[in-house]
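Opening the notebook on this one.

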Amino acid sequence: ASTLGAAAAQSGRYFGTAIASGKLGDSAYTTIAGREFDMVTAENEMKIDATEPNRGQFNFTAGDRVYNWAVQNGKRVRGHTLAWHSQQPGWMQQLSGSTLRQAMINHINGVMGHYKGKIYAWDVVNEAYADGNSGGRRDSNLQRTGNDWIEVAFRTARAADPAAKLCYNDYNIDNWSWAKTQGVYNMVRDFKARGVPIDCVGLQSHFNSNSPYNSNYRTTIQSFAALGVDVQITELDIQGGSATTYANVVNDCLAVPRCTGITVWGVRDTDSWLGSGAAALLFDGNGNKKAAYTAVLNALNGG
Ligand code: G3I
């Protein structure tokens, strides 16, 4: 196959990208994105600050722009993200305790209700585990509402849209030897054991010199999958753009049947949150395919 999406589809997987609504008027951008990818994540437009700028007043203008572009171009959509310590609107940052807990529940119901039946998978909870060696939860206003906030979010989400896969999404949980990975693994195992609804784990996979790709990535994917959840690579970028590393990531996913898809976190290097100097994506600023693109396509095509 000659595009990333079509190549991934040969094994029943998808290949996606993050889309920024502000770039949908850039025809160079939409030409590449429209051609290559078959899954879309809104880079910022479905986050809490974007969708509920005032308490109880939802705004789906930008989110719908991304959603409609995706669907009109034959792509599915991942929802990102419903409960997160970051990119909270000011009103939510002020809340605590049972008021915040209820606001989180209302937010999940409001956003998932709007997109009910339309989203392939939601990142229900994002980045709830701490960096470093504790293997425990990140301190946040949501965490301070009680340790059960994550399972409440997932139960709320299941009821709000039973058709969507429900994912836990985080960074630095790709290296199997890291405490953070083990912390999330233990949570998912516990959720599966107790019947808390969870369908997938999102490995963000932002690789750089501090958190480089490690050959135990495949073990991480296999280990989560063995718990009975899908694994999705949700925000892939590799500082420096190594073609070899990109191929390794793809091959690790292809090696595990329950690794169901890969999303890169932007289209061209100039679109990356890391800045174009990081050269972390598959297309350069002029829209040319990089060596990393060819490596990914070849891997998806079976080597
Ligand atoms: O829209 C405003 C614009 O009006 C303003 O002039 C400008 C000035 O700074 O800011 C613009 O908002 C920025 C927004 O991106 C849109 O470009 C925010 O400041 C900036 O913080 C925001 O960054 C996003 C970041 O999440 C915020 O946490 C990145 O685009 C986005 O790529 C990044 O994505 C996250 C995932 O959601 C979760 N995992 C990590 C990943 C990378 O950080």
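**Entry 1: the disulfides.** I started with Cys253 and Cys259, whose link turns out left-handed, with -105° about the S-S bond. This is a predicted model, so I keep that in mind throughout. The sulfurs of Cys253 and Cys259 sit 2.1 Å apart, and the two are joined as a disulfide. Buried or exposed, I wondered about Cys253? Buried: I get 0% relative accessibility for Cys253, and Cys259 also comes out buried at 0%.

How many disulfides are there by this rule? I count two. Another one joins Cys167 to Cys200, with 2.1 Å from S to S. Cys167 belongs to strand S5 (residues 165-170) and Cys200 to strand S6 (residues 200-203), so this bond ties together parts 33 residues apart in sequence. I looked up its torsion as well: about -90° around the S-S bond of Cys167 and Cys200, so that disulfide is left-handed. For burial, I noted a relative accessible area of 0% for Cys167, which is buried, and 0% for Cys200, buried too.

With the bonded cysteines of the chain numbered in sequence order, the pairing reads 1-2, 3-4.

**Entry 2: helix H8.** Next I went to H8, which covers residues 179-194 and has 16 residues. From the first C-alpha of H8 to its last I get 22 Å, close to the 22 Å expected at 1.5 Å a residue.

Which residues of H8 are buried? My list for H8 reads Lys180, Thr181, Gly183, Val184, Tyr185, Met187, Val188 and Phe191. What do they pack against? I found helix H7 (149-160), helix H9 (217-226), and the strands S5 and S6.

**Entry 3: the cavity.** The structure holds one cavity of 30 Å³ or more, and I put the volume of the largest cavity at about 30 Å³.

Which residues line the largest cavity? I noted Trp84, His85, Asn126, Glu127, Ala128, Arg138, Ser140 and Trp149. Sorting that lining by class, I get three nonpolar, three polar and two charged residues. Glu127 and Arg138 are the charged ones, while Trp84, Ala128 and Trp149 count as nonpolar.

Technical notes:
Residues numbered from 1 in each chain as written. Predicted model: local features only at pLDDT ≥ 70, side-chain atom pairs only at ≥ 80, totals over all residues. Heavy atoms only, no water. Disulfide = S-S within 2.5 Å. Helix = DSSP H or I, 4+ residues; strand = E, 2+ residues; numbered from the N terminus. Buried < 20%, exposed > 50% of the residue type's maximum accessible area, 1.4 Å probe, protein only. Expected span 1.5 Å × (residues − 1). Contact = heavy atoms within 4.5 Å. 1 Å grid on protein atoms, 1.4 Å probe; cavity = no way out; pocket = protein on both sides within 12 Å on 5 of 7 lines; lining within 4 Å. Points joined across faces, edges and corners; volume = space filled by probe spheres on them.
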